[in-house]
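Let's take a walk through a protein model together, one step at a time. Have the sequence and the 3D view ready as you read.

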Amino acid sequence: MNLLVTGAAGFIGSTYVRGLLGPGGAAGGADVTHVTVLDKLTYAGSLSNLGPADPRLTFVHGDICDAGLVDTLMAGARQVVHFAAESHVDRSITGADPFVRTNVEGTHTLLQAALRHRVERFVHVSTDEVYGSVETGTSPEDAPLSPNSPYAASKAASDLLALAYHRTHGLDVRVTRCSNNYGPHQFPEKIIPLFITNLLDGADVPLYGDGLNIRDWLHVEDHCHGVELVRTRGRPGEIYNIGGGTALTNRELTGRLLAACGADWSRVRQVADRKGHDRRYAIRDDKARDELGYRPRHDFATGLARTVSWYRDNRPWWEPLKHSAGPAHP
Ligand code: NAD
């Protein structure tokens, strides 16, 4: 079976594909004999993320908004896992155009082609940010969507469009909404790799506002395992939250990163808060646990220590990226 994976030269998609093609494969992957990756290679994508060439892997350099190209690729695919997106909240605050284009129009282009070619299954990778800020308690899958940033709003639009293609046309769409991912190969603009690489470079780290915003941290391999469970064992038209089980304030996270890098609080620079900064995300993932047997396998302390080691050992991967993409963070 040929699986079309969009956005897999980025952080999460590449981890998913390496897992599918690697020894043992990710959960389920036995039905996948070939993977076709479609990626535009924006500042966030890098072919090296996919690892060495593999006869089971075809890489297509292109845009999910290119209807002709998408149509051709969809004709040869049985299933789709859709990761491609503009993914950084700070960039959506300074300019939202590419977010609307890729996340909304691009997803719609894929859905139209998937319907035309009657693909067997379409997994849409969404985010917990679509629920908006949650002061107390946790968001189940049927919680109202209340996105605040342009990034989250564009993801909510694509998430709802995907579900509409199931409800209206009967396309087998499955949506995942996960919490904040961390791990190797994450572009050094997101908080964990930004702070690690700044600290390794001897620079300060910028902490937003009072640092009390809370995020749940999910190891990227646990997320990919959850996506694969949804693809292979989930039900059509269903949404599955995928959490990591480690909720931390940004201050707590910063403390752990300083310790892991052998630095102290003198390296922390408090900066003006992000506009519209959501205070807390918290999802309930009982459905994925009960229905699919999903469990995060990575303990956060070990996962973070290994992530720091990976950045320490892979300077040639992140150094050029840090200086090429332009600032996304104060
Ligand atoms: P990323 O920014 O690392 O990678 C995105 C990839 O999409 C890049 O390779 C980029 O080149 C590609 N891309 C962008 N625009 C494209 C276009 N028009 N056509 C084709 N390819 C295009 O993102 P990520 O962190 O790996 O996130 C993957 C998915 O997971 C996204 O849909 C994101 O919204 C979602 N998600 C991420 C997180 C997180 O913590 N990183 C959390 C929740 C959900």
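Start with a pair of side chains: E319 and R315 form a salt bridge, with N and O 2.5 Å apart. Keep in mind that this model is predicted. Both residues belong to helix α11 (residues 315–324), where they sit four residues apart, about one turn of the helix. How accessible are they? E319 has 32% relative accessibility, so it counts as partly exposed, and R315 is also partly exposed, with a relative accessible area of 27%.

Some salt bridges share partners, and in this way R235, E238, K287 and E291 are joined into one network. Within it, the side chains of R235 and E291 meet at 2.7 Å, N to O. This pair links distant parts of the chain, 56 residues apart: R235 is in the loop between α7 (220–233) and β10 (239–242), while E291 is in helix α9 (residues 286–292). R235, at 39% relative accessibility, counts as partly exposed.

Another salt bridge connects E120 and R78, whose closest N and O atoms are 3.0 Å apart. Here too, distant parts of the chain are linked: E120 lies in the loop between α4 and β5, R78 in the loop between α2 (67–75) and β4 (79–82), and 42 residues separate them. The count of salt bridges comes to 19. Side chains of opposite charge can pair when their charged atoms come close.

Now turn to the backbone. Most residues other than glycine have a negative phi. R118, which is not a glycine, has a positive phi of about 50 degrees; look for R118 in the loop between α4 (97–116) and β5. Is R118 buried or exposed? With 53% relative accessibility, R118 counts as exposed, because the cut-off for that class is over 50%. H185 also has a positive phi, near 75 degrees, and is found in the loop between β7 and α6 (191–200). At 13% relative accessibility, H185 counts as buried.

Finally, visit the ligand. How many residues surround the ligand? There are 29, and the closest are I12, D39, S87, Y151 and K155. By class, this shell has twelve nonpolar, 13 polar and four charged residues. β5 (121–127) gives the most to the shell, with three residues. An N or O atom in the side chain of K155 is 2.7 Å from an oxygen atom of the ligand. Taken alone, the ligand exposes 840 Å², and the protein buries 97% of that.

Methods. Residues numbered from 1 in each chain as written. Predicted model: local features only at pLDDT ≥ 70, side-chain atom pairs only at ≥ 80, totals over all residues. Heavy atoms only, no water. Near = heavy atom within 4 Å. Polar contact = N/O pair within 3.5 Å; in protein donor to acceptor, adjacent residues only side chain to side chain. Areas by Shrake-Rupley, 256 points an atom, 1.4 Å probe, with all protein chains shown as cover. Helix = DSSP H or I, 4+ residues; strand = E, 2+ residues; numbered from the N terminus. Nonpolar A, V, L, I, M, F, W, Y, C, P; charged D, E, K, R; others polar. Buried < 20%, exposed > 50% of the residue type's maximum accessible area, 1.4 Å probe, protein only. Salt bridge = Lys/Arg side-chain N within 4 Å of Asp/Glu carboxyl O.
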